[in-house]
Amino acid sequence: MVLISCRNCHELYEKEDFSEFKCQRCGHTVRRRVKNSLQVSLALVLTACILFIPAMIYPMMEVTQFGISTGSTIMEGVISFLEHGDYFIALVILTASVIIPLIKLLGLLFIFLSLSINIKMKNKTKLRVFYFIEAIGKWSMIDIYVVAILASVVQLSEIFNIKGGIAATSFALVVVLTMIAAHRFDTRIIWDEPRR
C-alpha cells in the first residue's frame with residue numbers, strides 16, 4: 001500500500017500502487033508526479049534564455065522629447081546613473097535587471113540539466129538552490145514597474161512622452177516564463193533520482 005495526495009485539494013488516498021486516478025473530492029487527475037514537469041520547465045527556461053538577449057540589447061524605455069525619440073538599454077541606464085553619482089540606484093537596477101534574472105536562468109538550467117545528465121550533487125543542495133531562485137524571482141519585475149509607472153504618468157503628447165521599448169516586453173516575458181517554469185517544476189522529481 002502507498003499513500004498519495006491530490007495536488008489540487010490535498011486529499012490523501014491509500015492505494016495499491018501509483019497508477020493515476022480521479023480524485024473523489026475535486027475530480028482532479030491524481031498522478032505520482034506532474035506529467036512532463038521537467039521537460040516543460042526546461043523548455044520555458046530555454047525560451048527565457050533566448051528572450052534575455054533582446055532584453056539586454058534593445059531599449060528598455062523610449063523617451064520622446066520635443067518630437068525627438070531616444071532609447072536606452074538597461075546597461076546604458078546603469079552607466080548613466082553611475083556617471084551622475086547615483087550609485088545606489090545603479091546598483092539596484094543592475095541587481096534587479098541583470099544579476100537576479102541571470103542567477104534565475106542559470107540556476108534553473110543547472111538544476112534541470114543536473115537531473116537530465118546526472119551531475120553529482122546532493123539533492124538537498126538542488127532543493128535549496130531551487131527555493132532560493134523561487135524566492136528572488138519576483139524582484140526582477142522592478143524595471144517593468146518603473147517603466148509602466150513612468151509611461152502611465154508622463155504623457156504630454158509630442159512634448160514629452162515615455163513608453164516601454166522592445167526590451168521591456170522581452171524582459172517581462174523572461175521574468176514571467178521563469179516564474180512559470182519554477183511553479184510548473186515538480187520538486188519531488190529531485191528525490192526520484194538516485195541519492196548521492
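**Notes on the predicted model**

1. Val45 is in contact with Leu105, Leu108, Leu109, Phe112 and Ala181, leaving aside its neighbours within four places in sequence. The model is a predicted one. Val45 is also one of the residues that touch the most other members of the largest nonpolar core, together with Ile74, Phe112, Phe171 and Phe185; this core has 34 residues. Two or more of its residues come from each of H1, H2, H3, H4, H6 and H7. H3 gives the largest share, nine residues. In soluble globular proteins, nonpolar side chains tend to be buried together.

2. Another core, of seven residues, lies apart from the largest one, and includes Ile4, Cys6, Tyr13 and Cys23.

3. Helix H1 covers residues 37-57. Its end C-alpha atoms are 31 Å apart, which agrees with the 30 Å that 21 residues should span at 1.5 Å a residue. The buried residues of H1 are Ser37, Leu38, Ser41, Leu42, Leu44, Val45, Ala48, Phe52, Pro54, Ala55 and Met56. Their cover includes helix H2 (74-83), H3, H6 and H7. Cys49 counts as partly exposed, because its relative accessibility is 24%.

4. Ser41 is a polar case worth a separate point. Ser41 is in helix H1 and counts as buried because its relative accessibility is 0%. A polar atom of the Ser41 side chain lies 3.3 Å from the backbone nitrogen of Phe185. Beyond its neighbours within four places in sequence, Ser41 is in contact with Phe112, Ala181, Arg184 and Phe185. Of these contacts, Phe112 and Phe185 are also among the residues that touch the most other members of the largest nonpolar core.

5. Thr178 belongs to helix H6. Is Thr178 buried or exposed? Thr178 has a relative accessible area of 2%, so it is buried. Not counting residues up to four places away in sequence, Thr178 touches Ala48, Lys104, Leu105 and Leu108. Leu105 and Leu108 are also in contact with Val45.

6. Leu113 is in helix H3. With 37% relative accessibility, Leu113 counts as partly exposed. Leu42 itself is among the buried residues of H1.

7. Helix H4 runs over residues 123-136 and has 14 residues. From first to last C-alpha H4 reaches 20 Å, close to the 20 Å expected at 1.5 Å a residue. Asn123, Lys126, Leu127, Phe130, Ile133 and Ile136 are buried in H4. An α-helix has 3.6 residues a turn, so residues three or four places apart point the same way. What covers the buried residues of H4 includes helix H3 (87-117), helix H6 (166-184) and helix H7 (188-192).

8. How many disulfides does a search of the whole structure find? The search finds zero. Cys6 is in no disulfide, and the nearest cysteine sulfur, that of Cys26, is 3.6 Å away. Cys6 counts as buried, because its relative accessibility is 0%.

Technical notes: Residues are numbered from 1 along each chain as its sequence is written. This is a predicted model: local features need pLDDT of at least 70, side-chain atom pairs count only at pLDDT 80 or more; totals for chains, interfaces and linings use all residues. Side-chain values use heavy atoms; hydrogens and water are left out. A disulfide is a pair of cysteine sulfur atoms within 2.5 Å. Buried means under 20% relative accessible area, exposed over 50%, partly exposed in between (1.4 Å probe, protein chains only). Helices (H or I, at least four residues) and strands (E, at least two) are DSSP runs, numbered from the N terminus. The expected span of a helix is 1.5 Å times one less than its number of residues. Contact means heavy atoms within 4.5 Å. A nonpolar core is a set of buried Ala, Val, Leu, Ile, Met, Phe, Trp, Tyr and Cys residues joined through side-chain atoms within 4.5 Å. A polar contact is a pair of N or O atoms within 3.5 Å; within protein, one must be able to donate a hydrogen and the other to accept it, and residues adjacent in sequence count only if both atoms are side-chain atoms.
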